There are 2 protein chains.
Amino acid sequence: MTISAARENVIHKVNFSNPRSFSTTVKSDLKETFFPDDPFRQFKNEPSTFRKATKTVQYFLPVFEWLPKYGFKLFQYDLLAGITIACLAVPQGISYAKLANLPPILGLYSSFIPPLIYAIFGSSKDIAVGTIASASVLLASIIEEAVSAKDDPTLYLHLVFTATFFTGIFQFALGFFRLGILVDFLSHSTIVGFMSGAATIICLQQLKGMFGLTHFTPKTDVVSVLRSVFTQTHHWRWQSALAGVCFLVFLLATKHVKKKKPSLYWISALAPMVTVVIGCLAAYFCHAEKHGIPIVGHLSKGINPSSIQFLNFDPKYLPYTIKAGIMTGFLALAEGIAIARSFATIKNNQIDGNKEMVAFGMMNLVGSFTSCYLTTGPFSKTAVNYSAGCKTAMSNVVMAVCMMLILLFIAPLFGYTPLVTLSAIIMAAMLGLIEYEEAYHIYKVDKYDFCICMSAYLGVIFLSMDVGLMISLGLSIVRALICVARPPISNLGNMSNTQMYRDIEQYPSAEKIPGVLILQLGSPIYFANCTYVRERISRWMDHEQSTSDSNSTDIDHIILDIGGVTAIDMTGIGMLTEVLKSIERKGINVVLANPKREVMEKLMLSNLVETIGKDSIFLSINDAVEACRFNLRSSKKQDVGDDTDNVV
Amino acid sequence: MTISAARENVIHKVNFSNPRSFSTTVKSDLKETFFPDDPFRQFKNEPSTFRKATKTVQYFLPVFEWLPKYGFKLFQYDLLAGITIACLAVPQGISYAKLANLPPILGLYSSFIPPLIYAIFGSSKDIAVGTIASASVLLASIIEEAVSAKDDPTLYLHLVFTATFFTGIFQFALGFFRLGILVDFLSHSTIVGFMSGAATIICLQQLKGMFGLTHFTPKTDVVSVLRSVFTQTHHWRWQSALAGVCFLVFLLATKHVKKKKPSLYWISALAPMVTVVIGCLAAYFCHAEKHGIPIVGHLSKGINPSSIQFLNFDPKYLPYTIKAGIMTGFLALAEGIAIARSFATIKNNQIDGNKEMVAFGMMNLVGSFTSCYLTTGPFSKTAVNYSAGCKTAMSNVVMAVCMMLILLFIAPLFGYTPLVTLSAIIMAAMLGLIEYEEAYHIYKVDKYDFCICMSAYLGVIFLSMDVGLMISLGLSIVRALICVARPPISNLGNMSNTQMYRDIEQYPSAEKIPGVLILQLGSPIYFANCTYVRERISRWMDHEQSTSDSNSTDIDHIILDIGGVTAIDMTGIGMLTEVLKSIERKGINVVLANPKREVMEKLMLSNLVETIGKDSIFLSINDAVEACRFNLRSSKKQDVGDDTDNVV
């Protein structure tokens, strides 16, 4: 009496049709891995060649998609948004360039050329291009390992251009080869921890500007920074500190206003520019320099000079420039793409991550030729752009034009900006980035994620920016691997009066079927979890046998629900074969329920289907249970010698 | 009209009870990660303290479990098996010690102490302890980087003892801290590829012994080895080659006999010993050395001297000894545990991987103090042990006693063994390890696994043993990560006349529900796959809307079947929230079906349950479909202004 007799009543059977060909599966796997968003679906069915060509050009250069439809009505909005972000770009540009130990003018250069490039290649309508604080500090901390910005500022500058060049190449390559998948490995928790850590460090570093100190440590860990501040108490300048606190209070107040009344966003957007103008005027008229308040110093007129001749490929420095280029590029991508995506979601637009990478890459590549350093889509600027009502990437063009005018005519005036103003602006911006509330939320929901977040935070503030990022990234990957290595396997029971089977631990009302053990395997079966799956199945069997002693029903059948097994590899197939054999040696029948297509294909190719028998594979748990029950009844009848009813 | 009205007919509801406490989940996670086999389950419920203590001792020292029940009847079997494997141990020991560039006597030492240690700590009843070829070559290739065995044999020997010491520490620590999970990451395909590659290289290296060459390259890649053989054609000795071919043919013939008649296993088990004896006699009587057939040379009498004073912790060599210790230890564990497990499965025994690691670790630790080098449970010896009918680890003790007698009395006689005999023995053993049939099977079933296998094989033969192993390991992990990053998401349809919903691509007969899109998410939702999941859902929606134009039913509801989602992290929750919001902005209702416990807990902690609404979470797809249908009908009625039937 085989288990198959009960199959007669079953309406639907398992699909045993031939496995797909190798080329089909490879094509589909490659597509899902590298083209998950199916970017060409929109013009795959275009009939005419001309329209196809147009669509292709529009795909690669999004500017051709929106520019033809662009009109004055949209321009009104973009003009306003562009001017607003230009006002933010000047103080931020100068401040962040100081963070990266670069001449302040580079911050202004970086808000001129890159936004124009982004307007051509970028697909986001909200991103405002600019430099970011965390990447600036990370860049500085890596390049400082090779050469000190103080001792050899020219070489340092050239190495920064070279690092930006590598960033561009790296980002472009990632996008071109559709490796957006790599950026997916920066998890939310890592980013929260890293950003908060970077913000903490940057805030503390601003104490230098606040107290008007001239010597400072190039290191970025909290111990070095605090030691540097508190060993120089005799150099503290009270004038500077007082001015700094005033500016900071003003900036934080405007932020508070924005929080209370979001429509007044422009107050906080203009505040940094106002601070800079007040600072400049005060410094100019009071000769601040002589009163212990250092200023930015000389800023030359004129737009970006070429820097292509400065790229330095000396093998001695290559390890540093490549490392800096890749790490900052990675970070900038993660921030830029995450932000583009968030704003696109609000507006119901689509963002193509790989296309954004190409745009960022082009932007930094051209930037490295035109005296710019690392740019991306910073959160603060993009949020202001969005609040100011931008409609297209034209707002970036407006900003670039504003910057050009500033560079051509009034740049030298900003040379009077007191450093303490910049410090206050940076501090005000950074305080908002220490996301303790988000960290607490993570703590509440997921403790392991909290560990990842805190390892990034503590790593950044106590060790260094790159080490913190790496540790956190490593922990995230270990977590993903543990999740692969320890898939949940649960014991199912029947929900009374239904054909549903659910985890007994989750639904205590679910009833076990006497003599039948139903196990649900819930993830791909891979080399990494084979041993575990084997152990866990045997533990369930032991557990079942030790608890079922009371009502004296031994297990006769085991149903493995493999509906959740989405893939299986060679080691998995070997394990499954062994497990099936060893269970059957104990006189227990094993049946499979609901194999998925990928798994079914492998089972057929490896001849495991023949080993198990096609009769022992069912489409649903319910079918399998019915068959087992039927089999149990018939074997009992056989046991008592009553064979008459045996032919169903 | 909300979707909830239809819930009235539902028998079972989703379990919204409070999430488990943090300590409960952590405890269960830690247990599943580090104690997946629940080793203490057997004596958890023991009532008396004495019995508990006994069981604990028996757990840590398995010898106390089997020795008390041991009697003469079992000993008969073990005696025979022990003598058989001792006969194999002598030629194998000498040969593999030569492979590791070590004095041949070390091979004999290594078959004396370690088997005794294993008999105390080991839990496998089948393993026969000894050295293995692949690890011997790997060990030699790493230590040779630090010091040449030819130029400074004493230092080389001491470094090998030190590496063995580290192997012991490493294996013991892995077992003690229950990190057996690490060994799980060596997949079947990696092992097949690596072993075949190592066997190929070792075979080619034997051409040295076959042709009686004295100079040879220390490198292990195929190009260096072949160059070394063919640039010395003028040194080839025909006498040696002739003898070698004869021995090889004899050994292969005995293997063939065993394959045809498994009961004659003893012929192939004794063959190497016979070859050695014949070789010794021939060499002794014909003065082989003078006829161009080099012999092993002086072997001193006496058992293992202490080597604890030779352990060398010079920082200059530490990187090499540690690397060699860890890599060979890892490889030896993988082979030993895999083999113990296979034989245990045949006999229906249980093997505790972590306990085996502790046993291997102790064995190598003590071995490094007593002039032994790396030992494990080699496949060939274990298979012979099993065929010879071993019953317990006592067969290892018998082997050890035999080795002791040999060491004390007749070891010097083996000094006459011609090297060509050893080469023939190694070649015969290695030819059986090149698993081309298995590789073809892998190729047929899983192309990616085949790539992993071939990368190990080609890496080993063209680059070096450790690089090959690392590349293959890296590829396996990349595969696991890609599988995490690209989970399958399928579109489900109803199987007619049932409540089952299946993948439409797998079961083309499954019917779509008009106006309802059912998507099945099939794996944990993690930072690594969030972007993909988002893209894939939006692609399914576009696809559905573009194909449903014909019958003009737009999608009104999306059912996300998250029954296969076994875990979710913070990034995943953020993604899900965004996706739900953006879908609802399009006027489409989203409902969830069958959340698992872990996921439900996270959804509740993050307040996502409130955002979705408890009414929109169903226990099964069928319940969800019913509710959606009901909702569709009611909204249509509302559309035509017929409100009379609306109160169900």
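In the predicted model, Ile518(B) stands opposite Ile559(B), a residue of strand 4 of chain B. The strands concerned are strand 3, residues 516-521, and strand 4, residues 557-561, which pair in the parallel sense over five bridges in chain B. This pairing belongs to an open sheet of six strands in chain B, arranged in the order 2-1-3-4-5-6, in which the pairing is mixed. Strand 2 (501-503) and strand 6 (617-618) of chain B stand at the edges of this sheet, and because each has a single partner strand, one side of each is left without a neighbour in the sheet.

With regard to the chain as a whole, the secondary structure of chain A comes to 27 helices and six strands. Along the principal axes, the C-alpha atoms of chain A fill a box of roughly 115 × 65 × 55 Å. Chain A has 648 residues, of which 52% are buried, a residue being counted as buried where 20 or more other C-beta atoms lie within 10 Å of its own. When contacts in chain A between residues at least 6 apart in sequence are considered, 82% of them are found to join residues at least 24 apart.

The arrangement of the two chains was examined next.

Where the chains meet, 75 residues of chain B are in contact with 74 residues of chain A. Several helices of chain B each supply at least two residues of the side that touches chain A, among them helix 1 (22-34), helix 10 (188-205), helix 20 (436-445), helix 21 (447-463) and helix 23 (530-547). Helix 22 of chain B, however, gives the most to this side, with eight residues. Sorted by class, the side of chain B that touches chain A has 30 nonpolar, 25 polar and 20 charged residues. Of the interface residues of chain B, 99% are also interface residues in chain A, and the copies therefore meet through the same surface.

How values were computed. Residues numbered from 1 in each chain as written. Chains lettered and ligands numbered in written order. Predicted model: local features only at pLDDT ≥ 70, side-chain atom pairs only at ≥ 80, totals over all residues. Contact = placed C-beta atoms within 7 Å. Pairing = 2+ DSSP bridges. Helix = DSSP H or I, 4+ residues; strand = E, 2+ residues; numbered from the N terminus. Buried ≥ 20, exposed ≤ 12 C-beta atoms within 10 Å, placed from the backbone. Nonpolar A, V, L, I, M, F, W, Y, C, P; charged D, E, K, R; others polar.
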